[in-house]
Amino acid sequence: MTEQAGPPASLVELARRYGVAAEYEDWTGTRTAVAGSTLISVLAALGVPAATEDDRIAALTAHDREYWTRRLPPTIVGRAGVTSAFWVHVTHGGPVTLRIHLEDGTVRADLLQLENYRPPYDLDGRLVGEATFELPADLPIGYHRLHLQADSSETSTPVIVSPASLQPPAGRQWGLATQLYSVRSERSWGIGDLTDLTDLAVWSAARHGAGFILVNPLHAAAPVAPMEPSPYLPTSRRFVNPIYLRVEAVPEYAYVRRRNRMGKAREFLQSRARRTDQIDRDAAWKAKRAALEAVYAVPRSAGRQLAYAAYREREGASLDDFAIWCALAERHGTNWHQWPSELQHPANEAVADFAAENADAVDFHRWLQWQLEDQLTAAQATALQAGMSLGVMHDLAVGVDPNGADSWALQDVLALGVTAGAPPDEFNQLGQDWSQPPWRPDQLEKLAYEPFRALVNAVLRHAGGVRIDHIIGLFRLWWIPQGAPPTEGTYVRYDHEAMIGIVALEAHRAEAVVVGEDLGTVEPWVRDHLRERGLFGTSILWFEADRDGDGGPLPAERWREYCLSAVTTHDLPPTAGYLAGEHVRLRDELGLLTRPAEEELAADREQQARWLNELRRVGLLRGDPEDVGATEIVEALHHYLGRTPSRLLSLSLTDAVGDLRTQNQPGTTDEYPNWRVPLSDPDGRKLLLEDVFEDANAARLGEIMRAAVRPTV
């Protein structure tokens, strides 16, 4: 048999220069070569033609020329407390003057030149030399600018200095994790809203000493039916879904005439919700939108108008682009790739014309975001006032809808022709395609990471913490060529020093904690880097195995300290359902199992038996297995979390009330009502928020969590 040749050396070298992996280590530890066709497609998404040898030679030459033509790096990144080096390109042997203009207006010129023996480069007959300089270790954190004077001209580049490490919150904290849409109250409009979030935070803090409340991503969905139910496939991560607004909490609501009509609309939604088994976003948004339009029409006071103008000025073009997209989506549909060609880029003149001709429609969507700003601010302030040390912890999804607002507004910074996902691993052996366009690392660097900075700043503005979904995507992300299966993708590297540095800088300024969801295939050094920078990891009890031993449960004392630890996650059933094998039954029913259901169930029972034995070993569970009920096991598992050194512990609201149904079944869309399951009790009876406040199981679990984080005397 003839051995198949690998990709040509020129293709491998070109991939290396652009951070594209030509081989990688899979979840079994096997080195796997990436197909040449994958490398060509991924490079094309980076704007680099590589299909032929001539293409590759030309691209390598262009890469060299671009590097030597630049007088300064596109962005310089450093850490406070340590020096960091950067290069400068000027005419060989020419003088160089460098100054750093800091955020506070002061200027620094004390940059040390280091040795650099790299030979000069012949750029069209001019010898270009490379000098290396060092950022001082005592630069303050922030966004600064470096100015270079050489060759009778001046140029500049951004300098980002991030904190060396975030300081962890004092002591241990526990928090309630909730899918907000599922938590309805007597006064909400058929779907949980920001007032419900506020009330839930107050209950968990005042009654049970919770330090934070972790909520699903509140990112914006397209404002038309059918509204995308998944909070992890938003139209925008930069802005928020107005379906979470409480209409009556908008100040101008008090001046709306015929408010009784709104009351009747809300009562109708509540009645409908009691009769149906799923969250109906479309019905809720239709009624809310009509009510909000009436509130929007109320003249604002002079002070409120000033506040709105200040908000619009602060948010600038990003807010305008989002609002324009929403108005365009209502006119032309939610897939901007199918709009008239002149509307497919926000910089086009036709887009500006549309915005001017539809000024009221555009402004309505801007106004909605202002109301969300107010209600998010109130939620965080009230949570802290109730005694929480952190308050609301928001969730940042990994990407956006490829046809949505962010992909339209940021299309020059996103990679087209590929989607982000994950390679095969132990739990998803076919890999995953999330259908989301990834950031282009080269364009982010050229823009000083401004779109990413704005995103992180926005999610932390009203938060004491943020959970970043798939944080390993800030180090490397699995890119899949359009039309190819997830198995035919490859990793693309990002400048993690910049990405994690920006997260740390924004979190430091917001005095917030950062939790990275670092499950799945992770290079070991990545977790070390996150810990070094003061970012927390994530541990889910069912996945915590002793990989140095027999693969059984990892003993509590060996769990990570700088971690958010929980028994379950939104991609698994609540613990009572998990113990009953709900996840196996459901996957079998949907045809998602890769082996017979009996084998899957037997393996699952074996894993559960190991955990029950561990609970017995540490004295948290007694009695014969057949005599132990799900409620007792759920309580014991949460007691077990308290035995770990983890600084942050989480209790799912579904576990607190004994719910059985999963919120999301990976691998499905409409085969299962993902993200549409209302909160219910063990018997399947739908619960209102007021029921939660009086629920004995919820109170008992809340006290278990309070005891878990309370210092022992």
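Domain bounds here come from an automatic or database domain assignment, and the structure to which they are applied is a predicted model.

**Exercise 1. State which domains the protein chain is given, and how far apart their centres lie.**

Solution. Begin with the assignment, which divides the protein chain into domain 1, covering 9–67, and domain 2, covering 70–162. Then take the C-alpha centres of domain 1 and domain 2, which are separated by 29 Å.

**Exercise 2. Describe the interface of domain 1 and domain 2 by its contacts and its buried area.**

Solution. Start with the contacts, where four residues of domain 1 meet eight residues of domain 2. Next consider area, since the size of an interface is often given as the accessible area lost when the parts come together. Between domain 1 and domain 2 about 570 Å² is buried, and carbon and sulfur atoms give 41% of this area. On the side of domain 1, the residues that lose the most area to domain 2 are Arg65, Glu66 and Tyr67, which together account for 91% of what that side buries.

**Exercise 3. Report how many cavities are counted, and what lines the largest cavity.**

Solution. The count comes to five cavities of 30 Å³ or more, and the largest cavity has a volume of about 260 Å³. This largest cavity is lined by 20 residues, of which Arg238, Val240, Leu376, Ala458 and Val459 are the closest to its centre.

Definitions and conventions:
Residues are numbered from 1 along each chain as its sequence is written. This is a predicted model: local features need pLDDT of at least 70, side-chain atom pairs count only at pLDDT 80 or more; totals for chains, interfaces and linings use all residues. Side-chain values use heavy atoms; hydrogens and water are left out. Contact means heavy atoms within 4.5 Å. Buried area is the accessible area (1.4 Å probe) that two parts lose on being put together, summed over both. On a 1 Å grid over the protein atoms alone, a cavity is a set of points where a 1.4 Å probe fits but cannot get out, and a pocket is an open set with protein on both sides within 12 Å along at least five of seven lines; lining residues have an atom within 4 Å of a point. Grid points are joined across faces, edges and corners, and a volume is the space filled by probe spheres set on the points.
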